[in-house]
Amino acid sequence: MKRRHFLKYTSLASTGLAFAACNSVNLSTSGRNNSSKSSSASTVDFGKLEKTYLNLGIIPITESAPLVIAQELGFFARYGLNVSLSKQENWNQIQDGLLDYQLDAAQALYGMPMMAQLGAEAAPMVALMVLNLHGSSITLSPKAWDAGIRPAIEYFTFQEFADSYRQYVRKFEEPPIFATESNASMDYYISRYWLAAMGINPESEVEFIEIPPSQMIYKIQAGVMDAYSSSEPWNQQTVLQGNGFTANVSQNIWTGHPGNVLATMQAWVDEHPATARALVAAILEACEFCEQAKNRREVAQILAQSRYLNTDQEYIEPALLGNYDYGGFDNQERLETIPNFYQFYGDNSDDPEKPNPVNYPWRSHGIWLLTQMIRWGQIEQQDYPKNADEILEEIYPLEIYTDVAKALKIELPSDPMKMEPATVFIDQRQFDPSDPIAYLNNFEIQA
């Protein structure tokens, strides 16, 4: 093995204070008017707001930044919204709050609206926009280090790492435990994709469990699991406190994957169309603030407060500033420069003719997610549904985001479907959304 600056394997360039669990604690703040845009700056008028007081759900992870910043720096207020942020203990509480209409909208997992719509309740939950790309890592326990496993950046190729990790997993008498935030999280799908790409069957060779993000560090300290995948800062805190090390970061498994979304119920949108547009506009402006490098330390400082992530700023900054520590137990420095660890806003494309806005709810990303839900037997459909286009149109409605983007002069793609080239996936497998059945059938390992 040889140390090197990380290029995505063979071809792709590239505890302080823990969260005190609160169930539905309202965090009303006045919103400071020190945002990157003047509080007197003109805002788009979407018409008379049907509702001005909103209760929005958040989870204590860095992906909550757009909602927190929109509140703290007055973006909500500029659009006439009086917002209360309700910090939830886990993702089930976010889902229940939306389904029961206790929350007007919320930071949600990418897979949550699809699971709600295709599940037993067939609840019409929708994703109005994407809050971020990337943002998570896979953390391994000291036991893996003692067995000779090292961070992925220590290996020449992905196959070399895969061979070592597969042998390690198969030495367990019982399947090692792998934790994720939820089986609706991108962490869950990314982790399964990663394992299967290494020839490890995530259905039989590991055991998946769900643990709230902020509790991961305590569970790995207690030896409850051998590995976990979670949003930040709960990987870096484990690494910096010497309780684990990073195997890989999520964008090295799928570069450009969506993270969290802004979710609500379709009935809420139907009843509050102007409010929905004002909400998306305020959060988009907050996303733009979060994206700017000069603002990242301020974002970390705000998130560190007890009413949000309730942890030390030093654990939040590495992922936001792009100075990521893979860790280890040999006193060697493994800092990697990853400037796109979190992407909150902007165009993620090198081709000016094909805009790829970070916050756009790509229909093709929904198709990828649907293939993975079928692949792992999460939903009743065992085959790709013939009416998938209609299903995805209901889950990822484009009208609200499109209207707001046009008003804010954000360039929109001409087609909600886009090809994901082989170079963006760790197994070099292209995803063509126009042929999801062939893509799904191409996987040897599936439920």
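Two strands are said to pair if DSSP finds at least two bridges between them, where strands (E, at least two residues) and helices (H or I, at least four residues) are DSSP runs numbered from the N terminus. The model is a predicted one, in which local features need pLDDT of at least 70 and side-chain atom pairs count only at pLDDT 80 or more, while totals for chains, interfaces and linings use all residues. Residues are numbered from 1 along each chain as its sequence is written, and side-chain values use heavy atoms, with hydrogens and water left out.

Strand β8 (residues 177-180) and strand β9 (residues 207-210) pair in the parallel sense over 4 bridges, and Thr180 stands opposite Glu210 in β9. Together with helix α7 (residues 186-197), β8 and β9 make a right-handed β-α-β unit; right-handed means that, with the strands pointing away from the viewer, the path from the first strand over the helix to the second runs clockwise.

We turn next to empty space. Rolling a probe the size of a water molecule over the atoms shows where such space is left. On a 1 Å grid over the protein atoms alone, a cavity is a set of points where a 1.4 Å probe fits but cannot get out, whereas a pocket is an open set with protein on both sides within 12 Å along at least five of seven lines, and lining residues have an atom within 4 Å of a point. Grid points are joined across faces, edges and corners, and a volume is the space filled by probe spheres set on the points.

The largest cavity has a volume of about 80 Å³, and of the 13 residues that line it, Met186, Asp187, Ser231, Gly259 and Asn260 lie nearest its centre. Its lining holds 4 nonpolar, 7 polar and 2 charged residues, where Ala, Val, Leu, Ile, Met, Phe, Trp, Tyr, Cys and Pro count as nonpolar, Asp, Glu, Lys and Arg as charged, and the others, Gly among them, as polar. The second largest cavity contains about 50 Å³ of space, and its lining residues include Val130, Leu133, Trp362 and Lys418. The second largest pocket has a volume of about 180 Å³, and helix α17 (residues 436-441) gives the most to its lining, with 3 residues.

What of the cysteines? A disulfide is a covalent bond between the sulfur atoms of two cysteines, taken here as a pair of cysteine sulfur atoms within 2.5 Å. A search of the whole structure finds 0 disulfides. Cys287 is in none, the nearest cysteine sulfur, that of Cys290, being 6.3 Å away, which is too far for a bond. Cys287 is buried, with a relative accessible area of 0%, and Cys290 is buried at 1%; buried means under 20% relative accessible area, exposed over 50%, and partly exposed in between (1.4 Å probe, protein chains only).

Some backbone angles also deserve attention. Most residues other than glycine have a negative phi, and most peptide bonds are trans. Asn310 has a phi near 55° and lies in the loop between α12 (296-303) and α13 (313-321). The peptide bond from Glu232 to Pro233 is cis, with omega near 10°, and Pro233 lies in the loop between β10 and α9 (236-240).
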